[in-house]
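Thanks for coming, everyone. I'd like to walk you through one structure today. Please have a look at it before I start.

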Amino acid sequence: MKVDFLIIGQGIAGTVLSYTLMQAGQSVLVMDEYKPNSASRVAAGVINPVSGRRFTVAWQYDQIYPVAVQLYRELEQLLGVPVFKPRDIYNVLPSEQLKEAFMERTTGLSYMEDPPEEKVKTYGQWLDQPHGAAIVKGATILLHNLLPAWREYLKDHNSLREERLDISRLEIGPEGVKYANISARYLVFCEGAAIVNNPWFNYIPFLLNKGEVLTVQIPGFSTPDIVKRSVSLVPQGEDTYWVGATFAWDYPDEVPTAEKREILEKGLRQLLKVPYRVLDQLAAVRPSGTDRRPIMGLHPGYPSLGIFNGLGTKGCSLAPAMAAEFVAHVLRNEPLQVDTDIKRFFNRYKG
Ligand SMILES: Cc1cc2nc3c(=O)[nH]c(=O)nc-3n(C[C@H](O)[C@H](O)[C@H](O)COP(=O)(O)OP(=O)(O)OC[C@H]3O[C@@H](n4cnc5c(N)ncnc54)[C@H](O)[C@@H]3O)c2cc1C
């Protein structure tokens, strides 16, 4: 089998990149070893314009958001499943001091809104919100629809291998790569956190971080909004919510822990006036770089090998715009942004 691109991994990075390449007229084969707790399967798919404890507008948000909306809407049409859902993020403000900081940072931004009185009143039955709330216009990407639907699409088009890439069998030549009966002009690694074991890109400083989440039921409480305080509640249908997420940079394994469950439950108890029931707990590892920017480009010594990774905490909002830039770079030799180009780490490459 001969293809232009062999993509390793079908998380949000491999999904969006393979679609973008196909749209550019390239033949693509995706190879993915199914991992139930890949970052993309555990994530809630939230797109939030305002992030962090200092309420800063997310990096390049105004440029990347429209690209994301267009791509996810296209995939929705192509795959016939809901993928993109605009949502209000109802931010419960934790103190007067943080309320001031929040207002100072966000007043005047087009995606901010004061919550209507009626909404505050309704939420008052369920939420403890003595310092009020503010609405940020965000969205969720319905990853639990998108990832399996894209997988089926690839299968139907004979473009998926459900297996692990065994790097010891990979042959790299000047014109491309060979792997078993596959030859490809380029191989692009979209392996998420598994990148740290990749011998071609081990000079890149990744700073992986583990996140844990709960699935909870809050009997009788139903809203389409994301509700956020120290934890985010992301609706999963009726009165069930994804609750997350924690961060840990030093961790022995990918297994859920009692310690992080307690942190998430503490956040829930602070937020809710009503009882809840924990249905499940999951953990996954975010593929973050030390400078918290995407990491992409072609290998300095083996230019048929590429990397598309480092999406960190924001895979859903970043992947579409970054994939467009990666494809323009590889197919039309357009420069990547300095902030995302793998070249920023070339001084660490020993050859
Ligand atoms: C708890 C948590 C909550 C999050 N919440 C959000 C959120 O709300 N919004 C948001 O935008 N982002 C969120 N993120 C971040 C987001 O999940 C990541 O940015 C994104 O999923 C990274 O996608 P990826 O495709 O690079 O990696 P992954 O999703 O990890 O996918 C990598 C894929 O490659 C496969 N693979 C690896 N090695 C091989 C190999 N050798 N052969 C074959 N296949 C291989 C894996 O099996 C996997 O399927 C969250 C992350 C976590 C952990």
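Which residues of H3 are buried? Before I answer, one caution: this is a predicted model. Now the list. Tyr 61, Ile 64, Ala 68, Leu 71, Tyr 72, Leu 75, Glu 76 and Leu 79 are the buried residues of H3. They span an arc of only 140° around the axis, which places them on the same side of H3. An α-helix has 3.6 residues a turn, so residues three or four places apart point the same way.

What sits on the other face? Turned away from the buried side of H3, we find the exposed residues Gln 63, Gln 70 and Gln 77. As for dimensions, H3 runs from residue 61 to 79, which is 19 residues. From first C-alpha to last, H3 reaches 26 Å, close to the 27 Å expected at 1.5 Å a residue. Just after H3 comes Gly 80, with a positive phi of about 70°.

Next helix: H7, residues 258-271. H7 has 14 residues and reaches 20 Å between its first and last C-alpha, close to the expected 20 Å. Its buried residues are Lys 260, Leu 264, Glu 265, Gly 267, Leu 268 and Leu 271. Looking down the axis of H7, these fall within an arc of 155°, so they line one face of the helix. The face turned away from that buried side carries Ala 258 and Glu 259, both exposed.

What covers the buried residues of H7? The cover includes several strands. Among them are S6 (84-92), S13 (209-217) and S14 (226-228). S15 (232-235), S16 (240-244) and S17 (277-286) are also included.

Now the ligand. Which residues come nearest to the ligand? There are 39 residues around the ligand, and Asp 32, Glu 33, Ser 40, Val 46 and Gly 312 come nearest. Let me give you some polar distances. The side chain of Ser 40 puts a polar atom 2.5 Å from an oxygen atom of the ligand. Glu 33 uses its backbone: a polar atom there is 2.6 Å from a ligand oxygen. Thr 313 also uses a polar backbone atom, 3.0 Å from a nitrogen atom of the ligand.

How much of the ligand does the protein cover? On its own the ligand has 1000 Å² of accessible area, and the protein covers 95% of that. Several elements give two or more residues to the shell around the ligand. These are helix H1 (12-23), helix H2 (39-42), S13, S17 and helix H8 (315-332). H2 gives the most, with four residues.

Is Thr 140 buried or exposed? Thr 140 sits in strand S8, residues 133-141. Its relative accessibility is 1%, so Thr 140 counts as buried. Beyond its neighbours within four places in sequence, Thr 140 contacts Ala 44, Gly 45, Val 46, Val 83, Phe 84, Lys 85, Arg 87, Ile 226 and Val 234. With Arg 87 there is also a polar contact of 2.8 Å, side chain to side chain.

Setting aside neighbours within four places in sequence, Thr 106 is in contact with Val 50, Phe 55 and Met 112.

Last topic: backbone geometry. Most residues other than glycine have a negative phi, and most peptide bonds are trans. Where does this model depart from that? Take Ala 180: a positive phi of about 50°, and not a glycine. Ala 180 is in the loop between strand S11 (176-179) and strand S12 (182-189). At 54% relative accessibility, Ala 180 counts as exposed.

Asn 333 has a positive phi too, about 60°, and is not a glycine. Asn 333 lies in the segment after H8. With 65% relative accessibility, Asn 333 counts as exposed.

Finally, a cis peptide bond. The bond from Gly 244 to Ala 245 is cis, with omega near -10°. Ala 245 is placed in the loop between S16 and H7.

That's my tour. Over to you.

Technical notes: Residues numbered from 1 in each chain as written. Predicted model: local features only at pLDDT ≥ 70, side-chain atom pairs only at ≥ 80, totals over all residues. Heavy atoms only, no water. Contact = heavy atoms within 4.5 Å. Expected span 1.5 Å × (residues − 1). Buried < 20%, exposed > 50% of the residue type's maximum accessible area, 1.4 Å probe, protein only. Arc of directions from axis to C-beta. Near = heavy atom within 4 Å. Polar contact = N/O pair within 3.5 Å; in protein donor to acceptor, adjacent residues only side chain to side chain. Areas by Shrake-Rupley, 256 points an atom, 1.4 Å probe, with all protein chains shown as cover.
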